[in-house]
Amino acid sequence: MGFQYTNIERVATISPTDFYENYVKPQKPVVVEQLTRDWPAYQKWNLAYIKQIAGEQIVPLYNNDPVDYNKKVNEPDERMKMADYIDALVADKTKLRIFLYSLIKHVPSLQNDFKFPDLKIKLLKGLPFLFFGGRNVNVFMHYDIDYANIFHFHFAGEKRCILVPPNQTPLMYKIPYSNICREDIDFDNPDFEHWPALKQLRPLMADLKHGEMLYIPEGYWHYMKYITPSFSMSLRALATQPTHIAKAFLNLFVIRHFDNFMRRRKGAAWLAYKDERAIADTHAKLDL
């Protein structure tokens, strides 16, 4: 028995005012199916095109191994030419993924293929990030450290997105001083006996196809799984909720630096302590 999912609402098209009033203000996820139909990217963006236009770029690749105290934050596990990486994706020969890579800075012509949509919220023009993954590759459950509003556009295949609202954070076995949960939780096949708090979780789900956009509000947990080899682009807007702005500031300028200091000072013992705290704190809150 797995989670009881609620499908994320879908609309084909939407006006900027309706989008802001019905989804941004109430902080409600939504899939907009046809937002990219007039972008050149809708016709052009597939893995073969990226290989052609960016094949010589050396890209950072990441695996899903648990956090290692010896490893710097966002330090890649491997580097490879984009062309070789895409060949491996298509052939199902790699589980490595590209994460938060500003390929557009390295291949500026890609900027001509998309638009910053008018959604009545100010998008950060300098931060379009691309994400790539192969069949059944997943991105661990987390929420963004800056509590950004995320506009996640998918291309060239299919991707499953599971979201958890911030008000369910007490159920998530959150690791202290971080924005992730216990990395040994299998969100595809949750073990409710080992992680009893998860039985109360009511996650949301959407399967994205080529050209569709998922709006992820501030502080929402998200877990992504590539159903087929494909890639996505995220645009971002700053947090608008006062409590989220305060939490983002605290995360970026205090908590992150404290955690890095403790990792350097205590190493593996610090990570083990946080893992134990994640269980103890979650069960204490729920009286389990």
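Guide: F258, D259, M262, R263 and K266 in α6 meet A268, A269, W270, L271 and K274 in α7, where contact means heavy atoms within 4.5 Å. Helices (H or I, at least four residues) and strands (E, at least two) are DSSP runs, numbered from the N terminus. This is a predicted model, in which local features need pLDDT of at least 70 and side-chain atom pairs count only at pLDDT 80 or more, while totals for chains, interfaces and linings use all residues. Residues are numbered from 1 along each chain as its sequence is written, and side-chain values use heavy atoms, with hydrogens and water left out.

Visitor: How many nonpolar, polar and charged residues does the contact of α6 with α7 have?

Guide: Ala, Val, Leu, Ile, Met, Phe, Trp, Tyr, Cys and Pro count as nonpolar, Asp, Glu, Lys and Arg as charged, and the others, Gly among them, as polar. Sorted in this way, the contact between α6 and α7 holds 6 nonpolar, no polar and 4 charged residues.

Visitor: At what angle do α6 and α7 pack, and which word describes how they lie to each other?

Guide: Axes are lines fitted to C-alpha atoms, for helices over the stretch in contact, and angles run from 0 to 180 degrees between N-to-C directions. The axes of α6 and α7 are 6 Å apart, and the packing angle is about 125°. Angles under 35 degrees count as roughly parallel, over 145 as roughly antiparallel, 65 to 115 as roughly perpendicular and the rest as oblique, and α6 and α7 are therefore oblique.

Visitor: With which residue does D259 form a salt bridge?

Guide: A salt bridge is a side-chain nitrogen of Lys or Arg within 4 Å of a carboxyl oxygen of Asp or Glu. For D259 the closest N and O atoms are 2.8 Å apart, and the partner is K274.

Visitor: Is R10, the partner of E212 in a salt bridge, buried, exposed or partly exposed?

Guide: The closest N and O atoms of E212 and R10 are 3.1 Å apart, and the two residues are 202 apart in the chain, with E212 in the loop between β11 (204-208) and β12 (213-216) and R10 in strand β2 (residues 10-11). E212 is buried, at 10% relative accessible area. R10, by contrast, has 33% relative accessibility and therefore counts as partly exposed.

Visitor: How many salt bridges does a search of the whole structure find?

Guide: Besides the pairs above, R236 and D144 meet in a salt bridge at 2.8 Å, N to O, and both of these residues are buried. R10, E33 and E212 are linked in a network of salt bridges. Over the whole structure, the number of salt bridges found is 17.

How values were computed
Buried < 20%, exposed > 50% of the residue type's maximum accessible area, 1.4 Å probe, protein only.
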